[in-house]
Amino acid sequence: MGGGVGVSTTSVLGGVVKRREDPALIRGTGLYVDDLQLPGMLHVAFVRSPYAHARVVSVDASDAEAMDGVRAVYTAGDVAHLGDLVAQVPVGKVRPLLAGDKVNHLGEAVAMVVADTRYGARDAADAVDVEYDPLDPVIDLKEAASDAALVHDDMESNVLLAWEGGPWGDEEGIAATQQTIADAKAQDDTVSVSIEAVNQRLLPMPMEPRSVVADWNVGYGRFTVHSSTQIAHALAGGIAQTFGLSLTDVRCIAPEVGGGFGCKLNVYNDEILVCFASQQLGRPVKFTETRRDAAGSTIHGRGWVATATITGTRDGQILGYELDGIADMGAYSQNFTVAIPFLGLFVGAGQYEFPTHWKVACVHTHTMTTDAYRGAGRPEAAYYLERAIDAFAREIGVDPADVRRKNFIPAEKFPGAATHIGFPMDTGDYETNLDALLETAGYEDLKAERDRMRAEGRLVGLGLATYVEVCGFGPSALVDLGFSWASYKIPSGFNGSGLVRVQADGTASVIIGTGPSGQGHQTTWAQIVSNQLGIPVENIRVSHGDTAESPLGIGTFGSRSAAVDGSATYEAANKVRSKAADLAAHLLEASADDIVFADGGAHVAGSPDQQVSWSDIATLAYQPHRLPEGMEGGLEAHAVFSPGNATWPFGSHLALVEVDGDTGDVKLLRYIAMDDCGNVINPMIVDGQIHGGLAQGIGQAMFEDGDYEADGNLLKWSFVEYPLPTSADLPSFELHRTVTPTDINPLGVKGIGEAGTIGSAQTVVNAVVDALSPLGVTHVDMPLRPKRVWAAIQAAKTNGSVS
Amino acid sequence: MHVSLTVNGQRAVTDVEPRTLLVHLLREELGLTGTHVGCDTSYCGACTVILDGKTVKSCTMLAVQAQGAEVTTIEGLAANGDLHPVQEGFWERHGLQCGFCTPGMIMSAVGLLSENGSPSEGEIRHGLEGNLCRCTGYHNIVRAVEYAAAKMRGEEPPAPEWEEGSA
């Protein structure tokens, strides 16, 4: 598995190395934040709103405050001087730290209780008496977009903005594109097919609930904060900004982080509030979410409703694609909130070249904030596009693979082919990738098998979908578009950083600006440095996640770490190599140009018997009196990599499903993926990322539903009501890849964290709709739980029409 | 309340509030933080330990219910420091990513293999259904358990799905 199919592998590294982080994790000795116990540490529980929308009439904490072991109860007035929560893109209503006179979603924090014990804090939270005056909530997206009722009565509209293209920022161009599509629709020989679909809200649900421990040292005037965050530097900046401190007075440490998937890519109000409590009480303070907290008060993802329309001729030539949608931002903006659909806009037309008008309005509702959840805007965009293409293919009776192939951006337009909004992409070869998938999967045989099973009366379907992703963020010039992280006091570009130090014993310490939440940075980065220096992987230690020691980096998200921070580390390693060559040349009395690094040391080309070790080289570096005159001591280097573009991975996926016509139960029989993430550093880790990504996309397609009830209730408080896929729900996956290296970074890597998720939901739904198509079903909304599928089958049978 | 039990071969005697969950005794009183808490409803399995030979979710038991019991946590699984074949399988076959579900998943797999030494893929998948993982899609967890089962039978484990690399 995982071998290049039909193309040569050009990996710079490309070998499997067992993960360096695993020995601690499989022995239970990894340190997660909730494992931390500091002397005198206090515990926090929050009092949360049971209403989606209500006036807060009064908060009476007197009973709670009188309980044994309760140290403090804080409400909005206590923290008003700290302002609202920091936000990267503060469009719309930004979240207050604690709700004041109104609550605007279920689970919004109204008061914070601090007590000696975890259990005691929870007891006291239950004893805080809050009187609410319930108000009607705005939950439905279309209703919200109509402004029939306002979510925030001090705002003029629930609609914050709409992301629209056509040509990016060119209103005349957008109007011209709309006219082109209208003209195509008016032609006699074209058909238009529309589907209206819900891309339901999802709860990210990493297995580790978020946890934070803040420790204010009054003597130094400094915070030390451990948090399960994807963005340690941004958290430090956000705390510094909020409390008026310098960056040197806030040290944030992200130790082991038990999954993130985007939801730990926010600075949360609880992170700020435990800092406040620690400062007030002079004790370390811990908050660890319950799963209930995580469900209602950690950011959600997706939450769109949209209509997608394809117009084309009956031979499969697509002449226009339109998306008209509404995206749910929830009640408050947090980190990226309104920017998430913007990421979808970039890839709105996917791998294809046809006139596209794409518009998604961002609206407030009385629900939890939405923000980045694995894929973040791109799964939604790919879902609508690929569902609509399938619907069009079915309408005209052309094989869905042929329709896609006919409309691809041709390979010869790369590098630099333009997206529908005119943004240049790095590299791509879509037809080769699709053909490799179809050949590997045995597409024609699978179709024949499906048809044979269908003839037996079984509901069997094949689903195909392609995707292109934008990730590896990514152009450092994004700073100039307003993504500067200035509100986090770290006005960095979307650059990466790495520091490589060879120590006197010849081992290497690598300190990186980004940190993992399961992606295996300690292994991948060791491979990058090992590859450049020839120091064995086991002699390289990779550190991350401590802002006191790691160079500034903005975090692991958007499938960016290897492409950006990995490239920085590669360049830092090259600087060290260059200096080491000078040092080895001095030791071997040769020219640096003739030095070859091999076998854990260096020698002069042609004389491998006269080898100096890395320890010999480094020892010289740390004894400056032995160095040639003018050469600086030490053997370390830092590099910053500023990417000129994002990266644009792509792929195509195929699913085979069978639906039980009596129960509506969907069985995923086979899942075959052909992904292209450019060069591969560690195939084992890359495949693992795809596996997990697929499970989350398939989870959306088949199981997960985070939508609120019409009254604003969220009946998804546990894994019983919000079922993640279990081991019994999923098949083994069949993974393959093509390799089209990027030209925007020296490693040629594009990123793989989100691809599996971006490619998969529509693949499964296309397969299920294909399975039900003999009954006349053309659409079923996700998640495809048995009841919903059964209802679609019944409706089709009784009406003889579309569900 | 007074509770005494044996954890990883060591006797533990302590006083706890009657409502203290076993997982909190292990984590907060005994400092065995390898056992994790991932939910409030005994659903996710991150807290799985072996108690008197059976796998249990330690968040679903009161500490006092473990009076007199022998408990093995992830920290006690490696005998004399050598990895248990299931731990080895998870490392060899990339059966973990963030590692948070891993201790519970490993303990459940140990329990599964103690009852069925040659499980099919379907039996592994059903046997681990009570342990959630959000990272791996379970694919490599199944491979890890297949690896461990073969090792425990004294057989050569199935080859990995990736080409053995040179790096």
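This is a predicted model: local features need pLDDT of at least 70, side-chain atom pairs count only at pLDDT 80 or more; totals for chains, interfaces and linings use all residues.
View 1. By class, 7 nonpolar, 6 polar and 6 charged residues line the second largest pocket (Ala, Val, Leu, Ile, Met, Phe, Trp, Tyr, Cys and Pro count as nonpolar, Asp, Glu, Lys and Arg as charged, and the others, Gly among them, as polar). A pocket here is an open set of points on a 1 Å grid over the protein atoms alone, where a 1.4 Å probe fits, with protein on both sides within 12 Å along at least five of seven lines; lining residues have an atom within 4 Å of a point. Nearest the centre you will find Glu256(A), Gln522(A), Arg541(A), Val542(A) and His544(A). Strand β19 (residues 540-543) of chain A gives the largest share of this lining, 4 residues; strands are DSSP runs of E, at least two residues, and helices runs of H or I, at least four, numbered from the N terminus.

**View 2. The largest pocket, with residues from chains A and B.** Its lining has 48 residues, and Arg122(A), Thr290(A), Arg291(A), Asp293(A) and Asp40(B) lie nearest the centre. Helix α4(A) supplies the largest share, 7 residues. The lining divides into 20 nonpolar, 12 polar and 16 charged residues.

**View 3. Strand β17 beside β23 in chain A.** These strands pair in the antiparallel sense over 6 bridges (pairing needs at least two DSSP bridges). Which residue of β23(A) is the bridge partner of Ser497(A)? Look for Val640(A).

**Notes.** Residues are numbered from 1 along each chain as its sequence is written, and chains are lettered from A in the order in which they are written. Local features need pLDDT of at least 70, side-chain atom pairs count only at pLDDT 80 or more, totals for chains, interfaces and linings use all residues, and side-chain values use heavy atoms, leaving out hydrogens and water.
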